[in-house]
Amino acid sequence: MRIRALGVIDDAVVELSPGFTAVTGETGAGKTMVVTSLGLLLGGRADPALVRIGAKAAVVEGRITVEAGDAAAVRAEEAGAELDDGALLISRSVSAEGRSRAFIGGRSVPVGVLGELADELVAVHGQTDQQGLLKPARQRAALDRYAGDTVAKPHARYTDAYRRLRAVTAELEEITTRARERAQEADLLRFGLDEIAAVDPRPGEDTELAAEAERLGHAEALASAAATAHAALAGNPEDPESVDATLLVGGATRALEAVRAHDPALAQLAERMGEIGILLADVAGELAGYADNLDADPLRLAAVEERRAALTQLTRKYGEDIAAVIAWAEAGAARLTELDGDDDRIGELTAERDTLREELSALAQALTDARTGAAERFAAAVTEELSSLAMPHARVSFGIRQVEDPEGVTVNGRTVAYGPAGADEVELLLAPHPGAPARAIAKGASGGELSRVMLAVEVVFAGTDPVPTYLFDEVDAGVGGKAAVEIGRRLAKLARTAQVVVVTHLPQVAAFADRQLLVEKTNDGSVTRSGVKALEGEERVRELSRMLAGQEDSETARAHAEELLASARADG
């Protein structure tokens with residue numbers, strides 16, 4: 001990795017051994033920044049407070065070796081990245097304003113893609129993870145992870161049934177708790193539907209009646225206008241001397257017909273005049289018919305207005321026009337059918353809930369049985385690991401129990417509470433020596449014991465669900481002496497099959513590393529910087545001496561440091 005402007009680190013290159021790398025340095029020198037850098041490369045939260053004061057942005061670049069076809073390589077290629085000679089080039093920047101950018105293989109990608117790669121590439125464990133392991137939910141998740149498909153398959157079936165039961169139960173509660181509101185809604189719908197049925201409107205009836213009312217209300221004016229127009233076109237039979245349009249057009253037509261043979265243009269005009277005469281005669285006939293059929297009936301007008309008033313009552317309540325009223329009635333009838341069917345639906349849902357609860361009981365039992373079997377194997381494996389971590393007489397076990405709940409599912413013949421992860425409460429127990437009662441690690445384990453249990457759990461995971469790289473951030477806290485040597489030896493063993501990076505303050509652990517990196521702080525009076533360098537030979541002996549006695553030049557400390565290195569090499 002190359003780290004620039006991150007915390008106290010100005011510009012440093014960190015070359016990690018393919019095997020075991022130990023990162024050491026004085027308190028406050030910036031060892032944790034190495035962990036933070038790797039976290040940023042793998043999609044960790046971007047905190048602008050990490051940016052070095054005076055810098056515009058912090059940048060971390062890394063080169064991670066992957067195998068073609070691995071899940072991480074496939075996901076990176078899906079994101080558009082290209083491998084560089086079997087390696088992924090990853091870059092992450094965080095600006096002082098908080099903006100974050102990520103690149104893989106030269107291609108800009110969402111930060112979430114880095115997080116997806118992290119699951120396949122690195123397991124990170126620090127003191128916060130140790131604290132997390134104290135929580136029963138995390139202990140259950142650890143057991144499930146160890147068990148693999150043995151638990152994952154029944155858990156998936158249980159989860160599916162659990163979701164279906166939740167959905168059915170929610171619908172049932174919604175129907176029953178809202179029974180009063182739904183009854184009121186049904187009553188209002190019935191009233192509205194009855195009111196509409198009593199009027200029985202037809203589609204378009206409001207428009208038709210409006211036109212008829214307009215015509216009947218002006219019947220006398222319409223009749224007078226039609227009569228006047230008819231007289232103008234066809235003449236007044238009571239006045240033989242009157243001149244009408246039909247007579248005049250007929251005379252004009254005859255005059256043109258008499259001379260049309262002499263000029264084609266005039267012949268065309270004669271034909272058009274003939275057409276006008278025919279059109280006038282037709283209109284005159286229709287006007288006469290209109291006047292004869294026009295009925296100025298006050299009773300019919302009153303009936304139309306009464307019907308329109310009834311329709312208006314409906315449009316005021318149920319829609320802007322009769323079409324909308326009819327649509328409301330159709331939707332209301334469908335909704336009323338649904339509401340009236342609630343009693344039947346309650347019965348159906350109750351039966352379905354009871355069936356699903358029985359099914360869930362069987363699945364919860366299968367999940368409990370799978371966890372119980374896996375817990376015995378997991379506890380035995382962790383116990384075996386603890387024997388190589390200076391806890392030869394410690395015994396780890398799992399307590400798997402359920403809580404009584406009359407509304408729950410049946411497991412082991414008891415009705416117990418259940419949730420999305422099953423009916424089990426899982427607790428990791430530790431008996432540190434023979435005769436000691438097994439107690440929850442949250443209550444019965446010291447800091448040093450907790451560190452070793454955590455390491456043992458991770459080593460067991462490495463055998464069942466391995467990743468290429470393991471990062472441990474001071475998980476050896478609270479440990480010293482022989483236990484520290486055993487932790488170093490066990491980490492070295494893990495490094496034979498994976499890359500292991502450990503941030504440590506223990507010389508016994510650092511001595512087993514294939515490569516030791518020193519994070520060193522310098523202060524020029526105005527600016528504090530930290531650099532990272534690999535230690536070899538005499539420099540490594542001096543750093544181990546400092547870690548042992550706080551004195552790099554102490555002959556006793558140097559002798560002890562050389563002895564540690566020699567012992568570690570012999571052990572390897």
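**View 1. Thr21 is a buried residue, with a relative accessible area of 0%.** Buried means under 20% relative accessible area, exposed over 50% and partly exposed in between, with a 1.4 Å probe and protein chains only. The model is predicted: local features need pLDDT of at least 70, side-chain atom pairs count only at pLDDT 80 or more, and totals for chains, interfaces and linings use all residues. Residues are numbered from 1 along each chain as its sequence is written, and side-chain values use heavy atoms, with hydrogens and water left out. Thr21 belongs to strand S3 (residues 20–24). Helices (H or I, at least four residues) and strands (E, at least two) are DSSP runs, numbered from the N terminus. Neighbours within four places in sequence aside, Thr21 touches Leu16, Val500, Val501, Val502, Ala513, Arg515 and Leu517. Contact means heavy atoms within 4.5 Å. Ala431 lies 410 residues from Thr21 along the chain, and their C-alpha atoms are 32 Å apart.

**View 2. Met547 sits in helix H19 (residues 537–549).** Its relative accessibility is 13%, so Met547 counts as buried. Beyond neighbours within four places in sequence, Met547 contacts Thr24, Thr504, His505, Leu506, Pro507, Ala510 and Gln516.

**View 3. Helices H12 (residues 298–318) and H13 (residues 322–340) pack at about 60°.** Their axes are 9 Å apart. Axes are lines fitted to C-alpha atoms, for helices over the stretch in contact, and angles run from 0 to 180 degrees between N-to-C directions. The crossing of H12 and H13 is left-handed: the near helix is turned anticlockwise from the far one by less than a right angle (clockwise would be right-handed). H12 contributes Leu311, Leu314, Thr315 and Tyr318, and H13 contributes Ile322, Ala324, Val325 and Trp328. By class, this contact of H12 with H13 has 7 nonpolar, 1 polar and no charged residues. Ala, Val, Leu, Ile, Met, Phe, Trp, Tyr, Cys and Pro count as nonpolar, Asp, Glu, Lys and Arg as charged, and the others, Gly among them, as polar.

**View 4. Helix H8 (residues 205–217) crosses H12 at roughly 145°.** The two axes come within 10 Å. This crossing of H8 and H12 is left-handed. Residues of H8 in the contact include Glu205, Asp206, Leu209 and Glu212, and those of H12 include Arg300, Arg307, Arg308 and Leu311. The contact of H8 with H12 has 7 nonpolar, 1 polar and 7 charged residues.

**View 5. Strands S9, S12 and S13 form an open antiparallel sheet in the order S9-S12-S13.** Two strands pair if DSSP finds at least two bridges between them. S9 (395–401) and S13 (439–440) are the edge strands, each with a single partner, so one side of each has no neighbour in the sheet. S9 pairs with S12 (residues 425–431) over 7 antiparallel bridges. Val396 has Leu430 of S12 as its bridge partner. Helix H5 (residues 136–147) lies across S9 and S12, at about 90° to S12.

**View 6. Strand S4 (residues 57–65) pairs with S5 (residues 87–95) over 9 antiparallel bridges.** Ile64 has Leu88 of S5 as its bridge partner. S4 is also joined to S1 (residues 2–6), by 3 bridges in the antiparallel sense. There, Arg4 stands opposite Val59 of S4.
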